[in-house]
Amino acid sequence: MNKVKPYYEVNNFTLFHGDTFEILKSIKSKSIDMIFADPPYFLSGDGITCSGGKMVIVNKGNWDKKISIKEKHNFNKKWIRLCKRILKDNGTIWISGTMHNIYSIGVALEEEGFKIINNITWKKINPPPNISCRCFVHSTETILWAMKDNVKEKHKFNYKLMRELNDNKVKRNMANILRRNPLLYWKE
């Protein structure tokens, strides 16, 4: 890194705050193990939502203003291309988004030479209410997990640890469900 100073650093984790394009251009090629990106959803357009029980206008800033599909896709390709340059060959990228932008991101990843490893659904336990009553509640977001395509290096994933963490969680959750709903459980 030449010009940009970290916003926060601890151990081997560094967080930067600033213009994405400036920061990505200043990072050394193939030096990053993992990128987590939460790009604009392009939702700001004077719409309304409910926040804290009050109706509020959805305008987060110029960076989130609605733009054309072509502009959105070009934007996504540009920052994803810069991410690819700085990502190690065995590195991965995680990108969160809603239906408003995630499909362009998925296509842009593939166009820029990435392979999508997983499509993860994040279920929101407290989504904003559906005040228009004209569609379903937006109660999920998507996280795309991807790696560079056509590289010999394998990405890192601690399957054993993830299995242990999730199996324990599933077992605890199932036990709680069965305690509250004994009719769901029977023996043959």
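Reply: A salt bridge here is a Lys or Arg side-chain nitrogen within 4 Å of an Asp or Glu carboxyl oxygen. Accessible areas are Shrake-Rupley with a 1.4 Å probe, and for residues only the protein chains shown count as cover. This is a predicted model: local features need pLDDT of at least 70, side-chain atom pairs 80 or more, while totals for chains, interfaces and linings use all residues. Numbering runs from 1 along each chain as its sequence is written, and side-chain values use heavy atoms, without hydrogens and water.

Me: OK, which residues form the nonpolar patch on the surface?

Reply: Tyr7, Tyr8, Val10, Phe13 and Leu15, with about 510 Å² accessible together. Strands S1 (8–10) and S2 (13–15) each supply at least two of the patch residues; strands (E, at least two residues) and helices (H or I, at least four) are DSSP runs numbered from the N terminus.

Me: And where is Tyr7 found?

Reply: In the segment before S1. Tyr7 is exposed at 60% relative accessible area (exposed is over 50%, buried under 20%, partly exposed in between; 1.4 Å probe, protein chains only).

Me: Switching to H3, which residues are buried there?

Reply: In H3 (102–111), Ile102, Ser104, Ile105, Gly106, Ala108 and Leu109 are buried. Their cover includes H2 (69–86), S6 (87–97), S7 (114–123) and S8 (140–148), with contact meaning heavy atoms within 4.5 Å.

Me: What comes just after H3?

Reply: Gly113, with a positive phi of about 90 degrees.

Technical notes: Patches are made of residues with over 30% relative accessible area and no salt bridge: like charges are joined within 9 Å, nonpolar side chains (Val, Leu, Ile, Met, Phe, Trp, Tyr) within 5 Å.
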